[in-house]
Amino acid sequence: MKGIREAVKRAALGASGMLILAPWVEIWALDSSKTAAGANHAAAHAYSTGAGIRVGIIEASGGVNTNQTSIDEGGRLIKNLDFLGNYTRITADPVGVPPFTTHATRVTDIAASSHGTFTGVAPASHVYVGAVDTDPGIFNAMDWLYRGHGVAQFNMSLGAGDNDGGANKLALALDYHMHTYDTLMIKSAGNSGGQVTSPGDFYNGITVGALNETFTARASFSSYLMQGESGTTVNFWPKPEVVAPGVNINTQFLGPASGTSYAAPHVSGIVALLQKGTSSTPGLTLGTAGNANHLAIKAIIMNSARKREIEGPINSYPIAADLNTTASQASDGDYLNGSTFRVGVSATAPKTAEWTPSKWSYTNNVFVTDAPLDDELGTGAVDALRAVLQLDGGQQGPGAVNPIGWDLNTLNMGSPKDYYLNFPTGGTGVFLTVTLTWDRRVSRTEGGEPDLEFQGDSFTPLALPNLDLQIFYQGSLYAQSVGTYNTEHLHIPLIHAGAANSYMVRVQPVSNVSNTRYALAWWGVSNLGNNVVPEPTMVALLVLGGAILGRRFWQRK
């Protein structure tokens, strides 16, 4: 695929196979996306600011204009590098700076600005920018920033045409890098309103769609379909994984613009918050070969996303829905009847714009989904505060666990891992959210030299491990997510009020499972009220109080 050297000013796809940017136009702001109605990162800063965490920004065709951002004034723009025209492995920083683009500058500020009004998601992080215009350049710039500068998470607000289901070389190479070196890629979904752009079809990273200006629905331009999917077919692929504010985002120096390009850095900023950790919980360090903290971060972000019937910390936050014009597609059968399961199957259920698994059945008192994410929303709207609270729940299990937590573990055939909800839970209106994720493994064949190099090496997908996510009530199967990709998700009502350990979460190996690393995150509610959310500092209480007061205007009726 060829690259481009000029910023594309509109969000429509460019010539086939070309890298494209994702800007749009109109009137909203980063000062709104930080609120409880948006990505909720202002409140999260009482717990974490991402201080010192290295955030990589891989940008098509240009770098940051230091006259249009205050990040450089604070010494936090560490590198602003020109990798344009690159096709080979990089061994040193290139000389000179890239041409500037407002796109790169705005993306960087969303992730990391410390401005008091137009506040980025990780306002104390350090930023490393690489301008690219080829597929080899994307990979080689990312790999050099990792090897040369210790950067282990990367925002890619760019695209290379419609996806091919993860078969393209760049998606394979990025999956290899994430699995091998414990790095994490965040990719914008694209702005055609149709097919997700490559390499957002990778398995191991996070692809991000955009919310509208009121944060209540998918933006009309936000892409959400994978190869072979359409409105008349069920969306089985777990893409996008999440959605984030992406319409009319302006920064300290730049006016409003829209696109999934500006949704993605909200997620990159949340990654930095989780890397840094809180006063209660150490951060999830990325970049150590052989580790799998990228899986834990991915599971935490996906599981803490907002949707209808979420549990705390304030369950009346705004909840995103599908776009009205696409809310009656094959994937939109409503799995809920009020706050309990709807008997039947998704194909014949009433359509809904609210969050719902793309395909499901509820028969014989067992809920089953084999397409567990909402077709347009993924697991929901990202929420930075909920993400850090999910992290603060702590690593737990297998065995008895508290209402909020996560685990990073290894699975083998014949040895499921069980997590018992060690608290009384369930009853009318009580929901449990659980997310399970693992990697696609990719093999690399050297192309004549031992060093990792995109152009000469070849990458081949290995058999994908198949894991199921199951919920049991008093020993009987209650619900399960049995998708065919590398993410399982359940957001379900616990209709039976049960004592401690009545409900159990199981990670079930099905096939191709051998020393398979997985991450699990859960968010439940105790009927005793002790949900084990750490107490914030006094600063946090003041921030949260303002967020709660500011929230009331946005509350859905």
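Q: How many salt bridges does the count come to by the rule used here?
A: The count comes to 13 salt bridges, a salt bridge being a side-chain nitrogen of Lys or Arg within 4 Å of a carboxyl oxygen of Asp or Glu. Please keep in mind that this is a predicted model, where local features need pLDDT of at least 70, side-chain atom pairs count only at pLDDT 80 or more, and totals for chains, interfaces and linings use all residues. Residues are numbered from 1 along each chain as its sequence is written, and side-chain values use heavy atoms, with hydrogens and water left out.

Q: What makes the pair Asp143 and Arg89 a salt bridge?
A: Their side chains meet at 3.7 Å, N to O, and the cut-off is within 4 Å, so the pair qualifies. Asp143 lies in helix α4 and Arg89 in the loop between β2 (77-82) and α3 (102-112), so the bridge ties together parts 54 residues apart in sequence. Helices (H or I, at least four residues) and strands (E, at least two) are DSSP runs, numbered from the N terminus.

Q: Why is Asp143 called buried?
A: Its relative accessible area is 3%, and buried means under 20%, exposed over 50% and partly exposed in between (1.4 Å probe, protein chains only), so Asp143 is buried. Arg89, at 22%, counts as partly exposed.

Q: Which residues are linked with Arg89 and Asp143 in a network of salt bridges?
A: Arg147 and Asp451 are linked with them.

Q: Why is α4 called roughly parallel to α5?
A: Helix α4 (residues 135-149) and helix α5 (residues 169-181) pack at an angle of about 10 degrees, with their axes 10 Å apart. Axes are lines fitted to C-alpha atoms, for helices over the stretch in contact, and angles run from 0 to 180 degrees between N-to-C directions. Angles under 35 degrees count as roughly parallel, over 145 as roughly antiparallel, 65 to 115 as roughly perpendicular and the rest as oblique, so α4 is roughly parallel to α5.
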